[in-house]
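This report covers the strand pairing and helix packing of one protein model. The structure is shown here.

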Amino acid sequence: MDDIPTPALQSNAVITGIGSYVPEHILSNADLEKLVDTSDEWIVQRTGIRERRIASEQQFASHLCAAAVYNMMERYPVSVHDVDYVIVATSTPDATFPSTAALVSDRLGIASCGAVDIQAACAGFAAALQLANGLLLSGAYRKILVIGAETLSKITDYTDRTTCILFGDGASAFLLEAAAGSRKGDILAAYADTDGALGHHIYRNQLAPFIGEHELNDSGFIVQNGREVYRWALSQVSKGIEVMLARAGLAPGQIDWFIPHSANMRIIEGLSERTGFASEQTLSSIERYGNTSAASIPLALDEAVKAGRIQQGHTLLLYGFGGGLTQAGVLIRWSLQNTR
Ligand code: UT7
């Protein structure tokens, strides 16, 4: 769009490729009806989810990441051997250490690079893009892989009907490169906010038995107070989106695509309504993939790229939110030419 003011954020990060991967195995609502006391009707009405993908026993986040990058290399004329940094946003790393990013660098045969995982739950992908933008802008790095990947099925309790209907697995990757010459970058604005006092409403316990005064369940599975997260999302995330738009000097009508984290269709609709985005402007990956946390935004984005809906010059607002409770947004001008 031509009437966009120039926001304050500096960027020389140009997106030069995107790719995605989801595991083959589909877990449908009908399958879940056999596991817990639920129904397709309840799940669709309350969440908008019809099915999700489940990684095999041998597939971990690093496998999904590498597959997403291979998909990118099939679709775009890019190579990754000279990538100098890999950032993986995930809440389900293969191991606490080594980082999933380090495992991915090895799987892809990258000769020499920095490698870090970042953990910002469902805000992870937007947060990783913000960090990559800063690293490129510093001049220290030229080519960065940013990947959102989750194998949430491995930390989901399939006897708990309040959580097992929600989560799924998948990965999506962006390649970001420093723009040559005076060309401006694709990242136009960024925003983040955290309410750490509410962290106990959604967590997966690892070491500490408490968050603040709240004793944690140590099952190793995702635990959430869905109603509280829902309440926070509609009240605080909608505020965050408004602050971000105000700082960028933009109205929702000046943005082509709003891509919030695919937590739940009702949350997405509530956020769109409260912040002034039309449903036709809003993209999600919830129906076919469920809540894939750090992967949900790039999966929705890539589906729209493949369908030819997102076009060169479009303005995209990516907005993640969840565990923390934290939120992060990135405004992008899409400059990548569609391939297939
Ligand atoms: O990624 C970001 C983090 N997570 C989220 O964004 C999740 C946010 N929260 C949500 O998406 C919703 O709160 C849920 C989808 C998890 C739950 O929907 P809800 O409309 O908030 O349901 P509820 O927790 O208020 O439960 C309503 C009823 C309860 O029964 P009673 O107590 O009214 O008899 C639940 O036991 O629905 C029951 N229920 C179910 N019934 C059938 C809960 N889960 C199920 C189920 N099938 N799977």
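## Strand pairing in the open sheet

Eight bridges join S1 to strand S7 (residues 169-178) in the antiparallel sense; strands count as paired if DSSP finds at least two bridges between them. Tyr21 has Ala171 of S7 as its bridge partner. Helices (H or I, at least four residues) and strands (E, at least two) are DSSP runs, numbered from the N terminus.

The model is predicted: local features need pLDDT of at least 70, side-chain atom pairs count only at pLDDT 80 or more, and totals for chains, interfaces and linings use all residues. Residues are numbered from 1 along each chain as its sequence is written, and side-chain values use heavy atoms, with hydrogens and water left out.

The open sheet has five strands in the order S1-S7-S6-S4-S5, with mixed pairing. Strand S1 (13-21) and S5 are its edge strands, each pairing on one side only.

## Helix H4

Helix H4 (residues 100-107) has Thr100, Ala101, Val104 and Ser105 as its buried residues (under 20% relative accessible area, 1.4 Å probe, protein chains only). Seen down the axis of H4, these residues fall within an arc of 140°, so they line one face of the helix; the arc is that of the directions from the helix axis to the C-beta atoms. Gly109, with a positive phi near 70°, follows H4.

## Strands S13 and S14

In strand S13 (residues 257-260), Trp257 and Ile259 are buried on one side and Phe258 and Pro260 on the other. S13 runs parallel to strand S14 (residues 315-322), with four bridges between them. Leu318 in S14 is the bridge partner of Ile259.

Conventions: Buried means under 20% relative accessible area, exposed over 50%, partly exposed in between (1.4 Å probe, protein chains only).
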